Amino acid sequence: MNDSMRRAAAILLVILGGAALWWAGKGAQASASANDAMVATIAAARDRAAANDPRLKPAWRFEEGGWIYVHLEGDPGAMGYQHGYLLGPEIEDGFAAVSAGMTRSTERDWGFFRKAAQEMLWPRIDVEYQQELEGIVEGLRARTGSKLDLYDIVAFNAFEELPDYYVPWLDKQQKKANAPNLKSPGNCSAFVATGSWTKDGQIVIAHNNWTSYKNGERWRIVFDIAPKNGYRILMDGFPGVIASDDDFGINSDGLMVTETTITQFEGWDPNGKPEFVRARKALQYAGSIDEYTKIMLDGNNGGYANDWLLGERKTGEIAQLELGLRAHKLWRTKDGVLAGSNWARDPRVLKEDTPKFDPNDQESSPNARRARWEELLKENKGKIDVTLAEKMLGDHADTAEKKEDANERTLCGHVDGSPRGVKEWDWDPYYPGGAVQGKATDGTMAKDMRIMARMGHPCGGDFLAKPFLAAHPEYAWQEPYLRDMKAGPWTEFRSGQASKE
Ligand SMILES: [Zn+2]
């Protein structure tokens, strides 16, 4: 008998034991309530068996500042089990919200995404991440009795790349009539600075995540990962997903990573390796800018194409990897600042990967924020530290209108307040999306694996679902999923943190 068979047999025994106890206690009453009692007894037996699973021993979870911190440790299967078990309810909830958005925007049913996960993505996932994904399913089922299976979880992990990269490519291949207007998302405002630009000469890196509020309000996990192989990781993330996915993380070899997506990117390689796998692998195994670049390029499928902003704590060097599919470019410096707000700049990437993007439209969200980063970072040259970075992530200066006005053109995005929306991403007027949380760290903090994080708008503003839906009935379909997004305090998290201190 192998380990998993032995475990299954042990769980079965506990369940049979529970059933026998019930049977002895209740006799053969065939009423509905007796049936409920049996179901509850079996569920309780399952909970006990699962909670005693030795794989859970090195893992823990606590909540602070609006975030849920989870510590995962061990081999890939064990880490997956811990992830699925400790975040079971949040995975079920996140899956419901995300999958509803995926099927609605693409006009494809969930079976379509499962098929893509099974046939296209799964065979191209490294074995260790296959084991981690299988572990998530096992842990989730043990915790909640979930009906979700492996291909649900794989498709869910690809929620940034299947709907807005694969589907538009496929629609074009299939010459689909009346195909929905799908556009790659514009996620995030970020920068990385070093040398004479920062207060202490070391690296400062900061990022706020832009998504729909529906998804973003659920993007509240701090993952502290101690894998059997590779480096220790501290990153933010989404329940059930093995990569950070909005991408802010540091590892114990000194790499600091974030990104912003490339607006109006087009392209997909069905034979490539999923982006969520490459991004997780790069954060786990790369100790340098060169190693990071190599892993991201290996099997590049074009999914979730980003401008990666990287920092090497040990050398003080920073880099920008503009990763298109047909073209890519790497810039690097030991004295400078690199910012991102969803625009590409390499002429080849612009021409070959983002043919519809207009880098000269000063009124668009990416370009207006680019102008704001340039002026804000220049104004603060030599003064940049984590405290200032936190303030910058909450900035509300609109460079197109030359005034303070929280909207789609400000570093802290509030598209729900914009009558324009963001046409480049197919976000309609007053789209309930924008900056949903922020993170920052520097060389000193990264050395002992610490980051600052704030849940909700980085400016501290709250989003309230009820008045929004009353004012904007066009978004009523989101009502089952859209919740208040209240800002928490800037909160420090570190690797190995046991609980509130
Ligand atoms: Zn704001």
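Okay, let's start with Arg55, which makes a salt bridge to Asp53 with the closest N and O atoms 2.8 Å apart. By salt bridge I mean a side-chain nitrogen of Lys or Arg within 4 Å of a carboxyl oxygen of Asp or Glu. Both Arg55 and Asp53 are buried, meaning under 20% relative accessible area, with exposed being over 50% and partly exposed in between (1.4 Å probe, protein chains only).

Quick caveats: this is a predicted model, so local features need pLDDT of at least 70 and side-chain atom pairs count only at pLDDT 80 or more, while totals for chains, interfaces and linings use all residues. Residues are numbered from 1 along each chain as its sequence is written, and side-chain values use heavy atoms, with hydrogens and water left out.

Back to Arg55. Glu138 also forms a salt bridge with Arg55, closest N and O atoms 2.9 Å apart. Glu138 sits in helix 6 and Arg55 in the loop between helix 2 (32-51) and strand 1 (60-64), so the pair ties together parts 83 residues apart in sequence. Helices (H or I, at least four residues) and strands (E, at least two) are DSSP runs, numbered from the N terminus. Glu138 counts as partly exposed, at 37% relative accessibility, and Arg55 is at 13%.

Now, another bridge: Glu266 and Lys172 meet at 3.9 Å, N to O. Glu266 is in the loop between strand 8 (255-261) and helix 10 (275-285), and Lys172 is in helix 8 (residues 162-173), so parts 94 residues apart in sequence get tied together. Lys172 counts as exposed at 62% relative accessibility. Over the whole structure, the search finds 38 salt bridges.
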